[in-house]
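Please look through the sequence and the structure shown here. The paragraphs that follow go through some of the model's features in turn.

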Amino acid sequence: DPQEGYKTLAEQQVVYIHPSSCLFQKQPDWIIYHELVFTTKEYMREVLAIEPKWLVELAPRFFKVSDPNQLSRRKRKEKIVPLFDRYAQDQNAWRLSKRRG
């Protein structure tokens, strides 16, 4: 539902896919975006749909598989935890969002 939006993993901020995006009506479960634009809402632009397991495989410095003992059965397979690059100048330079639910 486009009205629900997404929450960023880092700040738990509610954000929405921009109406001009081709993903606006599709509302994928997991996305990465490049920038936020504030108009009437906080909109994500340049959005890409992803599979959460890609983050663990392609960015292991930032993401790892969560401890399955701390998760419900439903979330054990795909839950990820953001890690921070301790060598980066700005720890908030990246943003990742998951659909609210």
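How many aromatic pairs does the count come to, if rings of Phe, Tyr and Trp (its six-membered ring) pair when their centres lie within 6.5 Å? The count comes to one aromatic pair. The model is a predicted one, in which local features need pLDDT of at least 70 and side-chain atom pairs count only at pLDDT 80 or more, while totals for chains, interfaces and linings use all residues. Residues are numbered from 1 along each chain as its sequence is written, and side-chain values use heavy atoms, without hydrogens and water.

Confidence is given by pLDDT, the predictor's score for each residue from 0 to 100. Its mean over the protein chain is 77, and 67% of the residues reach 70 or more.

Strands are DSSP runs of E with at least two residues, numbered from the N terminus. Strand β3 (residues 30–38) and strand β4 (residues 42–49) run antiparallel and are joined by seven bridges; two strands pair if DSSP finds at least two bridges between them. Three residues lie between β3 and β4 in this hairpin. I32 has L48 of β4 opposite.

A nonpolar core is a set of buried Ala, Val, Leu, Ile, Met, Phe, Trp, Tyr and Cys residues joined through side-chain atoms within 4.5 Å, where buried means under 20% relative accessible area (1.4 Å probe, protein chains only). The largest such core has nine residues: Y6, V15, I17, L23, F24, I31, Y33, M44 and V47. At least two residues of this core come from each of β2 (14–17), β3 and β4. A second, separate core has six residues, including L9, W30, L55 and F63.

Terms used. Rings of Phe, Tyr and Trp (its six-membered ring) pair if their centres lie within 6.5 Å; planes under 30 degrees apart count as stacked, over 60 as edge-to-face and the rest as tilted. Helices (H or I, at least four residues) and strands (E, at least two) are DSSP runs, numbered from the N terminus. Buried means under 20% relative accessible area, exposed over 50%, partly exposed in between (1.4 Å probe, protein chains only).
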